[in-house]
Amino acid sequence: MTVASHVTVFLAIIVALAVGDLATSFHRLMTARARVRWYWPVLVLAAFVLAMLLESYWVDFSIYSDERSLTIAAFFPDVMIRILVFLMAAAILPDSLPRGTVDLRGHYWMQARYFWSLMLLAYAAIFLVFAPRTTEQGVTVISFLEQWWGNILTMAAAAIMIFSRREWLHKLLILMIAAIAIDNFYGQAIG
């Protein structure tokens with residue numbers, strides 16, 4: 001077994017568990033849909049987290065395809081990033097549904113600080129781990145910002161939402177993050 005296949009299988013397991021958690025939670029909501037008070041920001045964030053998981057799975061092949069050896073210390077940050085995204089997936093939709101009405105808006109506000117803290121940590125880790133790996137030597141500040149602008153804006157938005165309780169601001173920044181993600185994910189290709 002090559003280093004790439006060994007490493008990507010382990011990371012794929014974490015990603016698959018997170019996708020499974022999202023799918024299971026969404027299934028519970030759909031089976032109780034008559035009792036659910038839907039809240040679109042939660043659904044947008046669930047789709048965003050799913051896209052993050054798919055992107056992670058998609059790019060892992062490229063990241064590790066040339067690896068011939070890898071230390072646990074070098075691999076550990078990648079595992080931690082996937083675990084943070086797993087925790088985001090677990091937090092965004094309710095794990096269990098109470099009797100009576102299921103209020104997704106209430107769930108969002110109960111989980112908001114936790115979710116946005118996880119997102120800030122995940123994006124900061126992605127930035128700290130992958131910026132040095134993917135940025136060429138001698139790159140200008142402008143080209144560096146062109147490559148990482150979406151990550152930087154997402155970190156800033158997450159930091160704001162950790163402390164803000166303004167619903168309109170959360171909705172606006174969630175739409176901004178979704179737009180950044182669509183722009184970012186549109187060009188992902190293996191190889």
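1. **What covers helix α1.** The buried residues of α1 are covered by several elements, including β1 (36–37), α2 (40–64), α3 (72–92), β2 (102–103) and α4 (104–134). Keep in mind that this is a predicted model. The buried residues themselves are A4, V7, T8, L11, A12, I14, V15, A18, L22, S25 and L29. Look at their numbers as you read along the helix. An α-helix has 3.6 residues a turn, so residues three or four places apart point the same way. In α1, A4, V7 and L11 are among the buried residues. Trace them in the structure before moving on.

2. **Length of α1.** Helix α1 covers residues 3–31, which is 29 residues. At 1.5 Å a residue, α1 should span 42 Å. The C-alpha atoms at its ends are 42 Å apart, so expectation and model agree.

3. T8 sits in helix α1. Its relative accessibility is 18%, and buried means under 20%, so T8 counts as buried. Which residues does T8 touch, not counting those up to four places away in sequence? They are D60, F61 and Y64. D60 and Y64 turn up again in the next point, where they belong to the α2 side of a helix contact.

4. **α2 against α3.** These two helices pack at an angle of about 160°, and their axes are 9 Å apart. That angle makes α2 roughly antiparallel to α3. The crossing of α2 and α3 is left-handed. From α2 come V42, L45, A46, F48, V49, M52, L53, S56, D60, I63 and Y64. They meet F75, D78, R82, V85, M88, A89 and I92 of α3. By class, the residues of this contact are 14 nonpolar, one polar and three charged.

5. V79 lies in helix α3. Is it buried or exposed? V79 counts as buried, because its relative accessibility is 10%. Its contacts, leaving aside neighbours within four places in sequence, are F10, L11 and I14. Take L11 as an example. V79 and L11 are 68 residues apart along the chain, yet their C-alpha atoms are separated by 6.8 Å. L11 and I14 are also among the buried residues of α1.

6. **α3 against α4.** Here too the angle is about 160°, with the axes 9 Å apart. α3 and α4 are therefore roughly antiparallel to each other. α3 passes α4 in a left-handed crossing. The residues of this contact divide into 19 nonpolar, two polar and three charged.

7. **L97, in a loop.** L97 is found in the loop between α3 and β2. L97 is partly exposed, with a relative accessible area of 23%. Not counting residues up to four places away in sequence, L97 touches R28, L29, A32, R35 and V102. One of these, L29, is a buried residue of α1. Now compare sequence and space. L97 and A73 are 24 residues apart along the chain, and their C-alpha atoms are separated by 40 Å.

8. **α4 against α6.** Helix α6 covers residues 167–186. The axes of α4 and α6 come within 13 Å and cross at roughly 55°. The two helices are therefore oblique to each other. How does α4 pass α6, in a left-handed or a right-handed crossing? The crossing is left-handed. R105, Y108, W109, A112, W116 and M119 of α4 meet E167, H170, I174 and I177 of α6. This contact has seven nonpolar, one polar and two charged residues.

9. **Two residues of α5.** Helix α5 covers residues 141–163, and N151 has its place there. N151 counts as buried, because its relative accessibility is 8%. E146 is exposed, with a relative accessible area of 55%. What does N151 touch, not counting residues up to four places away in sequence? Its contacts are Y123, I126 and F127. For E146, check a distance instead. E146 and T101 are 45 residues apart in sequence and 45 Å apart in space, C-alpha to C-alpha.

Key: Residues numbered from 1 in each chain as written. Predicted model: local features only at pLDDT ≥ 70, side-chain atom pairs only at ≥ 80, totals over all residues. Heavy atoms only, no water. Helix = DSSP H or I, 4+ residues; strand = E, 2+ residues; numbered from the N terminus. Expected span 1.5 Å × (residues − 1). Buried < 20%, exposed > 50% of the residue type's maximum accessible area, 1.4 Å probe, protein only. Contact = heavy atoms within 4.5 Å. Axes fitted to C-alpha atoms, helices over the stretch in contact; angles between N-to-C directions. Parallel < 35°, antiparallel > 145°, perpendicular 65-115°, else oblique. Left-handed = near helix turned anticlockwise from the far one by under 90°. Nonpolar A, V, L, I, M, F, W, Y, C, P; charged D, E, K, R; others polar.
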